[in-house]
Amino acid sequence: MSRSLPSFLTFPNPVNDYAARSTAGLVILLAVVAIVVDHPVVYALLALGFLLRVMAGPRYSPFGQLSVRVIVPKVWRKTKLVPGPPKRFAQTIGLVFSGAALILSILGLGLAAQIVVGALVVAATLEFAFGLCLGCIAFGFLQRHGIIPETVCEACNNLSLRTPAEHSTA
């Protein structure tokens with residue numbers, strides 16, 4: 001018996017890489033604010049954004065919606081489809097880091113929270129500026145070593161299932 005999530009909690013597959021990169025840029029902005037302000041509310045907003053994206057991609061995420069509906073069509077004007085499962089895994093890692101920062105902040109360990117969010121800034125910057133998704137790299141490593149089953153993302157292992165690398169949507 002196959003168990004699937006309700007449709008309102010599905011993650012898109014494939015994902016437009018430019019939307020993911022745009023969202024990473026917005027995460028950088030909020031993460032820098034979190035580091036500067038160093039208050040649990042800002043860390044909570046950061047964690048909530050990751051939670052919303054883990055649950056359903058851009059559907060409920062303000063950053064995801066801004067990326068998909070405004071930034072990609074108006075700024076990037078490109079589509080590069082990539083498999084969704086590694087992007088969801090990357091968002092999950094972001095949730096773990098931002099959730100840890102929130103807990104550290106609540107415990108009065110602001111410097112530790114800032115350091116954890118600093119690591120998020122590094123990862124998001126690599127994604128935004130260079131299209132280098134550290135979570136996706138970790139996903140691939142775990143899949144190659146049998147920790148994540150190949151059935152989770154068949155397109156990740158079979159290049160013939162992937163769509164053309166890039167095309168303009170303008």
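**Ground rules.** I number residues from 1 along each chain as its sequence is written. The model is predicted, so local features need pLDDT of at least 70 and side-chain atom pairs count only at pLDDT 80 or more, while totals for chains, interfaces and linings use all residues; side-chain values use heavy atoms, with hydrogens and water left out.

I looked up the largest pocket and found about 610 Å³ of space in it. A pocket here is an open set of points on a 1 Å grid over the protein atoms alone, where a 1.4 Å probe fits, with protein on both sides within 12 Å along at least five of seven lines; lining residues have an atom within 4 Å of a point. The volume is the space filled by probe spheres set on the points, which are joined across faces, edges and corners. Of the 32 lining residues, Ala20, Lys87, Ala90, Gln91 and Glu127 are the closest to the centre.

I then checked which elements supply the lining. Helices (H or I, at least four residues) and strands (E, at least two) are DSSP runs, numbered from the N terminus. β1 and α1 to α6 each supply at least two residues, and α4 gives the most, with 6. The lining divides into 21 nonpolar, 8 polar and 3 charged residues. Nonpolar means Ala, Val, Leu, Ile, Met, Phe, Trp, Tyr, Cys and Pro; charged means Asp, Glu, Lys and Arg; the others, Gly among them, are polar.

**α2 and α4.** The axes come within 8 Å and cross at roughly 155°. Axes are lines fitted to C-alpha atoms, for helices over the stretch in contact, and angles run from 0 to 180 degrees between N-to-C directions. The two helices are therefore roughly antiparallel (angles over 145 degrees). Their crossing is left-handed, meaning that the near helix is turned anticlockwise from the far one by less than a right angle. The contact (heavy atoms within 4.5 Å) includes Tyr43 and Phe50 of α2 and Gln91 and Leu95 of α4. By class it has 14 nonpolar, 6 polar and 2 charged residues.

**α2 and α5.** These axes come within 12 Å and cross at roughly 35°. Tyr43, Leu46 and Phe50 in α2 meet Gly110, Ala113, Gln114, Val117 and Leu120 in α5. No charged residues take part in this contact.

**Backbone.** The peptide bond from Asn13 to Pro14 is cis, with omega near 5°. Pro14 lies in the segment before β1. Asp38, in the loop between α1 and α2, has a positive phi near 50°. Most residues other than glycine have a negative phi, and most peptide bonds are trans.

Definitions and conventions
Angles under 35 degrees count as roughly parallel, over 145 as roughly antiparallel, 65 to 115 as roughly perpendicular and the rest as oblique.
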